[in-house]
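Welcome! Take a moment to look over the structure below, and then we will walk through a few of its features together.

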Amino acid sequence: MKEPTSIEIIGIGNVSAVLSGPDQPGDSNKTGVIIAHGAANDMNNSLIVAAADGLASAGYTTLRFNFPYKEKGKKSPDTESTLIRTWQSAVSHLLNNERFPVDRVVAAGKSMGGRIACQMVAADKMVVEALIFLGYPLHAPGRTDKLRDSHLYEIKKPMLFFAGTRDPLCNMEKLREVLHRLTGQFDLEIVEGGDHSFKLPKSSSSSEDSVHRQIVAKCLQWLEPIAR
């Protein structure tokens, strides 16, 4: 069941969002997952939609939303403070929704959306049960000498990382080094041949749908103990 909705960001305006849940609202397991998009896409990105729909069909309330710059049709991301306020408003919106009541929130994000979420959790600006990274932007292309990793070491909540083996923003060797220095619980799911958006080369025998199914299946398996 999908329900278009709108999230109010005080002092900024409203952004579009989609609230999803099981066909029977009473089947919801009280755990909600918010999925934020990356810098170059929006809430209708195929991966984000597939993840939201797949989790919702399994009993998780999901919320996907646009950041203000995408809502306005702009290409350049909002300031960090606006991205943070949008995330906070999304959490409040999910916790206060009456269609699919939840009492626990998991933050998930594609690239920038996930990076902002983990920075917030590390700085105590957002309270969530766990974090899911749909392609973490560990570094700029070719700049493995400058990692975006410092805040990851401050997080004590469980973290699930999805990484493509062809991701120019997340060198696999560097990611493994970072993961082994984490103090919190973590898991890593590798998408063979996937780029930063888990797109596969044309020569691959696998399909986009199969990658999305892999990601949803791993999320469901990983979330099970958190949602109990």
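Predicted model: local features only at pLDDT ≥ 70, side-chain atom pairs only at ≥ 80, totals over all residues.

Let's begin with K30, which is partly exposed, with a relative accessible area of 38%. You will find K30 in the loop between β2 (13–20) and β3 (31–36). What is phi of K30 near? The value is near 75°, which is positive even though K30 is a residue other than glycine. Here is some background: most residues other than glycine have a negative phi.

S111 is another residue with a positive phi, about 50°, although it is not a glycine. Look for S111 in the loop between β5 (104–109) and α4 (112–122). Is S111 buried or exposed? With a relative accessible area of 12%, S111 is buried, because the cut-off for buried is under 20%.

Now let's turn to the aromatic rings. How many aromatic pairs does the structure hold? There are five. In one of them, the ring centres of F65 and F67 lie 5.2 Å apart and the planes meet at 75°, so this pair is edge-to-face. Both F65 and F67 are buried. F65 also pairs with W87: here the centres are 5.7 Å apart and the planes are at 75°, so this pair is edge-to-face too. F65 belongs to strand β4 (residues 61–65) and W87 to helix α3, so their pair ties together parts that are 22 residues apart in sequence. Together, ring pairs link F65, F67 and W87 into a cluster.

| Ring pair | Distance between centres | Angle between planes | Kind of pair |
|---|---|---|---|
| F65 and F67 | 5.2 Å | 75° | edge-to-face |
| F65 and W87 | 5.7 Å | 75° | edge-to-face |

How accessible are two of these residues? F65 has a relative accessible area of 0% and is buried. W87, at 0% relative accessibility, counts as buried as well.

W87 leads us to its helix. Helix α3 covers residues 80–95, which makes 16 residues. From its first C-alpha to its last, α3 reaches 23 Å, close to the 22 Å expected at 1.5 Å a residue. Which residues of α3 are buried? They are T82, L83, I84, T86, W87, S89, A90, V91 and L94.

Technical notes. Residues numbered from 1 in each chain as written. Heavy atoms only, no water. Helix = DSSP H or I, 4+ residues; strand = E, 2+ residues; numbered from the N terminus. Expected span 1.5 Å × (residues − 1). Buried < 20%, exposed > 50% of the residue type's maximum accessible area, 1.4 Å probe, protein only. Phe/Tyr/Trp six-rings, centres within 6.5 Å; stacked < 30°, edge-to-face > 60°.
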